[in-house]
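Subject: Structure for you to look at, with notes

Dear colleague,

I am handing over the structure below, and my notes on it follow directly after. Please read them with the model open beside you.

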Amino acid sequence: MVDGHLACGAPLRGGAALQELTDQVNVILPTYAVLFLLAPLLWRLPDRALLGVGVVLALAGPAVIVAHETIWPSSQPVDPVTLGTPPWEAVYSLLLTGRYPLLSWTVPFVAGLCVARLDLTDTAVLRRLAAGGAAVAAVAVAIAQLAYLLIGPDADRGPWRLLTGAAHGQMPLWLASSIGGAVAVVAACSLVLRRFERSQVLGWLVACGRLSLTLYVLHFVVLAVIKPAQGFSFGQGVLISSALVVAVIVAAVLWARTGRPGPIEQLLRRSWLLPPTTRVRTPTQTHRTEERATQQ
């Protein structure tokens with residue numbers, strides 16, 4: 001098992017280093033680092049307690065974010081977390097004011113843990129997840145659109161924001177729509193895989209999934225190099241996104257032939273990155289240590 005310090009420290013430092021390349025694209029890895037550290041604690045919770053944590057955070061987290069923005073509108077750090085960010089500011093940004101604040105982004109992480117506890121080999125369970133996730137997403141989007149119509153321009157200001165569903169807005173309706181949509185997509189893809197498990201195209205997607213961290217870093221580096229300060233036009237975005245999708249699929253399929261984990265995934269498994277007390281000891285090493293202890 002990977003040590004908790006490594007699971008947190010490597011993505012945190014790596015994400016901060018990546019962010020040094022550009023401020024035009026935001027890195028999510030520092031937020032993931034903290035979530036990786038919390039994962040063992042959350043996983044030990046009973047089902048109802050874990051679900052309760054998710055529900056409470058889905059309601060209270062956005063409320064705290066809105067209250068903070070309302071009371072202290074000019075006190076938020078605007079720069080993403082880099083290697084040079086002071087510790088207090090990094091914590092402040094990761095928890096509350098960054099692009100991926102833990103007060104809201106812990107919710108989809110908890111939702112994923114809840115889904116992982118279900119029997120995903122059961123076709124009936126997958127069908128319920130697909131239908132239920134799609135329904136939750138549709139209802140959340142509909143309520144958000146209705147709120148915009150009823151409230152008007154003030155919907156993006158103050159407490160009214162809690163009724164909006166703008167993408168990455170960190171509000172409850174956005175969380176519900178994005179989580180519902182994600183669950184529906186995962187369940188639907190699992191059902192498709194059951195039906196076409198020998199499909200070559202699905203094999204390509206599986207290869208990409210095994211390289212997810214490496215491909216994330218690769219796509220970030222590419223965007224950091226080519227993205228202009230004013231951003232891409234719609235046509236440029238479509239073209240570049242399509243090219244990136246093709247490129248990463250080809251790279252993943254070629255790498256899969258090696259039979260090894262991705263370069264960065266493999267790096268995280270290196271024993272020399274672990275603290276000495278957490279390195280895996282072989283039976284021979286253990287036996288030699290016991291012999292020396294006996295001789296002494």
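Val 217 lies in helix α9, and helices here are DSSP runs of H or I with at least four residues, strands being runs of E with at least two, numbered from the N terminus. With a relative accessible area of 16%, Val 217 is buried; the cut-offs are under 20% relative accessible area for buried, over 50% for exposed, and in between for partly exposed, using a 1.4 Å probe and protein chains only. The C-alpha atoms of Val 217 and Leu 29 are separated by 9.4 Å, although these residues are 188 residues apart along the chain.

Before going further, please note that this is a predicted model, in which local features need pLDDT of at least 70 and side-chain atom pairs count only at pLDDT 80 or more, while totals for chains, interfaces and linings use all residues. Residues are numbered from 1 along each chain as its sequence is written, and side-chain values use heavy atoms, with hydrogens and water left out.

As for the chain as a whole, it contains 12 helices and 0 strands. Of its 296 residues, 31% are buried, and among the contacts with a separation of 6 or more, 67% are between residues 24 or more positions apart.

Not counting residues up to four places away in sequence, Leu 21 touches Phe 220, Val 221 and Ala 224, and from Leu 21 to Ala 224 the C-alpha distance is 6.3 Å across a sequence separation of 203 residues.

Two helix pairs deserve a look. Helix α3 (residues 47-71) and helix α4 (residues 87-97) pack at about 120° with their axes 10 Å apart, the axes being lines fitted to C-alpha atoms, for helices over the stretch in contact, and the angles running from 0 to 180 degrees between N-to-C directions. The two helices are therefore oblique to each other, given that angles under 35 degrees count as roughly parallel, over 145 as roughly antiparallel, 65 to 115 as roughly perpendicular and the rest as oblique. Val 64, Ile 65 and His 68 of α3 meet Tyr 92, Leu 96 and Thr 97 of α4, a set that divides into 4 nonpolar, 2 polar and no charged residues; here Ala, Val, Leu, Ile, Met, Phe, Trp, Tyr, Cys and Pro count as nonpolar, Asp, Glu, Lys and Arg as charged, and the others, Gly among them, as polar.

The second pair is α8 with helix α10 (residues 234-256), packed at about 85° with axes 8 Å apart, which makes α8 roughly perpendicular to α10. This contact involves Trp 204, Ala 207 and Cys 208 of α8 and Val 248, Ile 249, Ala 252, Val 253 and Ala 256 of α10, that is, 8 nonpolar residues with no polar and no charged ones.

Turning to pockets, a pocket is taken on a 1 Å grid over the protein atoms alone as an open set of points where a 1.4 Å probe fits, with protein on both sides within 12 Å along at least five of seven lines, and lining residues have an atom within 4 Å of a point. Grid points are joined across faces, edges and corners, and a volume is the space filled by probe spheres set on the points. The largest pocket has a volume of about 910 Å³ and is lined by 23 residues, with Ile 28, Tyr 32, Ser 212, Leu 213 and Tyr 216 nearest its centre. To this lining α9 gives the most, 6 residues, and by class the lining has 17 nonpolar, 5 polar and 1 charged residues.

The second largest pocket holds about 610 Å³ of space, and of its 24 lining residues the closest to the centre are Leu 51, Val 55, Ala 111, Cys 114 and Ile 179. Its largest share of lining, 7 residues, comes from α3, and the classes are 17 nonpolar, 4 polar and 3 charged.

Best regards

Terms used:
Contact means heavy atoms within 4.5 Å.
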